[in-house]
Amino acid sequence: MTPTKNTRPSIAPAKGKLAVLTPGMGAVATTFYAGVEAIKRGMAKPIGSYTQMGQVRLGKRTENRFKAVKDVVPLASLDQIVFGGWDIFAENAYEAAKHAQVLEKDLIEALKVPLSKIKPMPAVFDREFVKRIDGPNVKKGRTKMDLADQLRADIRNFMKDNGCDRAVMVWCASTEVYTPPTAIHQSLKTFEEGLRGNDPAISPSQIYTYAALMERVPYANGSPNVSVEMPCLQELAQEMATPICGSDFKTGQTLLKTVIAPGLRNRQLGVAGWYSTNILGNRDGEVLDDPGSFKSKEVSKTGVLTDILSAERYPDLYKEIHHIVRINYYPPRGDNKEGWDNIDIFGWLGYPMQIKVNFLCRDSILAAPIVLDLALFMDLAGRANMRGIQEWLSFYFKAPIVKRGLTPEHDLSVQLLKLENTLRFFTGEELINHLGLTYYGVDEGTDEGAEA
Ligand SMILES: NC(=O)c1ccc[n+]([C@@H]2O[C@H](COP(=O)([O-])OP(=O)(O)OC[C@H]3O[C@@H](n4cnc5c(N)ncnc54)[C@H](O)[C@@H]3O)[C@@H](O)[C@H]2O)c1
């Protein structure tokens, strides 16, 4: 049953093993697997993971009651996770982690045994959608529906072979070329006809999404590929009563954008231009060097400012913003991306000012904890019988999907409030609106409504 307003969902316990399946076993996925294995062994702390380190305030401020996220809602523990994945390269996760050059050699060697066990299943891949790479570990099928059926069989076999009770899928594979919805994406019926008829507009990521949903496996999209946005796949998520969320992990430059831009807007400061550029040398950077794949990234990266700095609502402040995003493939940097932002702002009486941000980040180090949180929260959503778009997980995405006709919320703090209130809702705790009216002489914390 889908929870209605004020109806607390009943949540099945997190019993048994959870399969976390990642299409793509590259830099992000292997940093995620290795990180979880290292944390399980007490070799490192889960820094950057809200499910592992976050706290939620419960009740009124005066109660001073904070609980760890994982004690508020019943999440699967790290020990219950079994990793699986697909990749076009046949190397196991130990070899792929070495190849990715994100983690130190000593750490990878210390985790050789668990990582070597994670072997990629043959991928559904089409060079029309990712032009800069090619590999041998690829499925063959007469139609795209055949390929979807093979993925469905992979999911079922993986769960059986590993004794898993549930599974979630988080897309960690390459960014595909930008493919806006076509007529066949408008309904499930036309999409399934398209799968059977090998429609060229159906991408591999859409086939994975379809297969996951058909198996009632919650699906999160970590790339800007257009999959969970498609009306046909949203319809399927509803029909199969399965959660979906996306798109594109919010990790570095865009994370900071969704902190800084709402701050400027909240103080009614104008923005004349925002120039963002990046250098990146990993395989993701190589794929994004193709204009088609870059277009997908550009769309998800630029939408953020359009929504936060609404020219329609604030024409005097944001009507003429020049927002430019560039990513340049620069091999010497590997996974250690460098991003520069130049922000031209203006204040009182229109006087101009500038902000410069130089973020020397590590792409996969920022993305790995997001994969973990999404896997655990999507499993929770599945056990709570949530279906369709999970807007409360917008916190993790550059381009959060929302119901048709709504504008996504990009402000990181507002996204967190929504996430926290959803966790309170799950457990029947009072929702918090931060009203905190004390100046009417209300004795906060003892009077009803002093702070809901
Ligand atoms: N790292 C970040 O900060 C970050 C942020 C947002 C989004 N992302 C997205 O996450 C994804 C993964 O990034 P990465 O750095 O790990 O890239 P990567 O190139 O290291 O890994 C991607 C892997 O996917 C494989 N692959 C490609 N197409 C496939 C398919 N159809 N099926 C199965 N495997 C396939 C590739 O062979 C490769 O091993 C990319 O789409 C990237 O844009 C990353």
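Me: How many Å separate the centres of domain 1 and domain 2, taken over C-alpha atoms?

Reply: 25 Å separate the two centres. Domain bounds come from an automatic or database domain assignment. Here, domain 1 is 17-249 + 364-426, and domain 2 is 253-360. Each domain gives 26 residues to the contact between them. Two residues are in contact if their C-beta atoms, placed from the backbone, lie within 7 Å. On the domain 1 side, the touching residues are 11 nonpolar, nine polar and six charged. Ala, Val, Leu, Ile, Met, Phe, Trp, Tyr, Cys and Pro count as nonpolar, Asp, Glu, Lys and Arg as charged, and the others, Gly among them, as polar.

Me: What is the source of this model, and how are residues numbered?

Reply: This is a predicted model: local features need pLDDT of at least 70, side-chain atom pairs count only at pLDDT 80 or more, and totals for chains, interfaces and linings use all residues. Residues are numbered from 1 along each chain as its sequence is written.

Me: What pLDDT does the protein average, and where does it stay under 50?

Reply: pLDDT is the predictor's confidence in each residue, from 0 to 100. The protein averages 92, and 95% of the residues score at least 70. Residues 1-6 stay under 50, with five contacts beyond four places in sequence. Residues 443-452 are also below 50, and this stretch has 26 contacts beyond near neighbours in sequence. Where pLDDT is low, the predicted coordinates should not be read in detail.

Me: Which residues are closest to the ligand?

Reply: A residue is near a molecule or strand if its C-beta atom, placed from the backbone, lies within 6 Å of it. In this model, 37 residues surround the ligand, and the closest are Gly24, Gly26, Val28, Ser223 and Arg283. By class, the shell holds 21 nonpolar, 11 polar and five charged residues.

Me: Which elements supply at least two residues of that shell?

Reply: Helices (H or I, at least four residues) and strands (E, at least two) are DSSP runs, numbered from the N terminus. The suppliers are helix H1 (27-40), strand S4 (81-87), helix H12 (283-288) and helix H15 (363-383). H15 gives the largest share, four residues.

Me: Why does the shell lie between the domains?

Reply: Domain 1 and domain 2 both give residues to the shell, so it lies between them.

Me: What is the order of the open sheet of seven strands?

Reply: Two strands pair if DSSP finds at least two bridges between them. The order is S5-S4-S1-S6-S7-S8-S13, with parallel pairing. At the edges are S5 (121-122) and S13 (388-389), each pairing on one side only. Helix H7 (residues 144-161) packs on this sheet. H7 touches S1 (17-23), S4, S5 and S6 (164-171), and its direction makes about 145° with that of S1. Axes are lines fitted to C-alpha atoms, for helices over the stretch in contact, and angles run from 0 to 180 degrees between N-to-C directions.

Me: What is the order of the open sheet of four strands?

Reply: S10-S9-S11-S12, with mixed pairing. S10 (322-329) and S12 (352-360) each have a single partner strand, so one side of each is left without a neighbour in the sheet. Strand S11 (residues 338-346) and S12 pair in the antiparallel sense over nine bridges. Asp341 stands opposite Val357 in S12.
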